[in-house]
Amino acid sequence: MTTLKKRQFSALRNSHSNSGQKVKPSHRFSNSFISRRGFLRRGVAVGAGVAVGGLLVNKASAAGGLTVGDAALLRFPAALEILEADFWIQYNELAGVQDGEVSGGSGIPVYTKALEQLDSDMAVYVHDNTDDEITHHQFLNAYLVANGAEPANLDNFRTLMGSTATGVNRDLIGKRLTNLTKLTLDTSWWTRYRDDSHNPDLNPDFVFPQAVPTLAVGQHTAIPRTDADLKHKDFIQAMANTAGFHFPTIEQGGNSLYPSLAQRATSAEVLRILISIGPTETMHFQTWSDKAGNAPPLTAVDPVTGVSVTFPDLNSPPFGGESYQPI
Ligand SMILES: [Fe+2]
Ligand SMILES: [Fe+2]
């Protein structure tokens, strides 16, 4: 990755929060701001509320000026960002840059090296993406709290084991929200964004083919579960390749989610937040879809489950051509 690319990544990463700061909603997001549509809705709600003893007033707006709907438009992605951060934190512990900004793990050198087959700066990308996701849910929740609304909280669900390999944050073993060791991945995004002849909006029944068909069936681990997973060179690369395809598979979700939510916002501030985070997710997807194309072709068998995975050469038949060739 060039220095310019790194700067772009970082600049985009910070753009959603205005100041680039973590959390700290600024006073620029004032509670007194009321959009025209929000004002009209509030006026209607207050009028109706009078007739039923104020119940509708409480139903229509949260304390601090956010409507219930606008609060939900932020709380839903806040929950998803907590999940996103959870799996990125696991990847960062094992294969990201280990520093004070995103702390916790100590890395697995052979797994980190396998991921670097996809890009020599993978550790930096993993670290920075992890930092992004943490700022996303912290900012969304801080804004909700600052406006008197309930934040998203998934702490009761932090029960999954995760990896116990040397290099993980031992304090988080058994406290994960997401399971990266049993992934079934839909990699049809690979062909959907390359195919000129089929538009999923016009022909929703068309089935876009998978880039990695074997990842779409069975369960595959994207991280070393234990130190025993590090005995087979091909399997280490298969885990790294699985991670490389998992990254864009997840990030494409935010790519479409935020624009969909933004169209329903009534407050200009809520709209501003949603259309600021959304492009960051699109940037994540674009970065990772580029890296996934560098995954070395190979077949490996999971030594624990016996499940086989094949990463095809996307440049060669039956793959290849416009629908498959890496960027
Ligand atoms: Fe995010
Ligand atoms: Fe993301």
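In what order do the elements of the chain run from the N terminus on? In this predicted model, the order is α-α-α-α-α-α-α-α-α-β-β, that is, nine helices and two strands. The chain has 327 residues, and 39% of them count as buried. Among the contacts with a separation of 6 or more, 71% are between residues 24 or more positions apart.

A word on confidence comes before the details. Mean pLDDT for the chain is 84, with 80% of the residues at 70 or more. Residues 1-60 are another story: pLDDT stays under 50 there, and the model has 65 contacts beyond four places in sequence for this stretch. Where pLDDT is low, the predicted coordinates should not be read in detail.

Helix α6 covers residues 122-146, 25 residues in total, and spans 36 Å from its first C-alpha to its last, close to the expected 36 Å. Helix α8, at residues 233-262, has 30 residues and reaches 45 Å between its end C-alpha atoms, close to the 44 Å expected at 1.5 Å a residue. As for burial, 20 of the 25 residues of α6 are buried, which leaves this helix mostly covered. In α8 the count is 21 of 30, so the helix is largely enclosed by the rest of the structure. After α6 comes G148, with a positive phi near 75°.

The loop between α5 (109-115) and α6 holds L118. Is this residue, L118, buried or exposed? It is buried, because 24 other C-beta atoms lie within 10 Å, against a cut-off of 20 or more. Beyond its neighbours within four places in sequence, L118 touches G244, K291, A292, N294 and A295.

Then come the strands. Strand β1 (residues 298-301) and strand β2 (residues 308-311) run antiparallel and are joined by four bridges. Within this pairing, V301 sits opposite S308 of β2. Six residues lie between the strands of the hairpin, and G306 has a positive phi near 80°. In a regular strand the side chains alternate between the two faces of the sheet. For β2, the covered face carries V309 and F311, while S308 and T310 are on the uncovered one.

The peptide bond between P317 and P318 is cis, with omega at about 5°. Most residues other than glycine have a negative phi, and most peptide bonds are trans.

Methods
Residues numbered from 1 in each chain as written. Chains lettered and ligands numbered in written order. Expected span 1.5 Å × (residues − 1). Buried ≥ 20, exposed ≤ 12 C-beta atoms within 10 Å, placed from the backbone. Pairing = 2+ DSSP bridges. pLDDT = per-residue confidence, 0-100. Contact = placed C-beta atoms within 7 Å.
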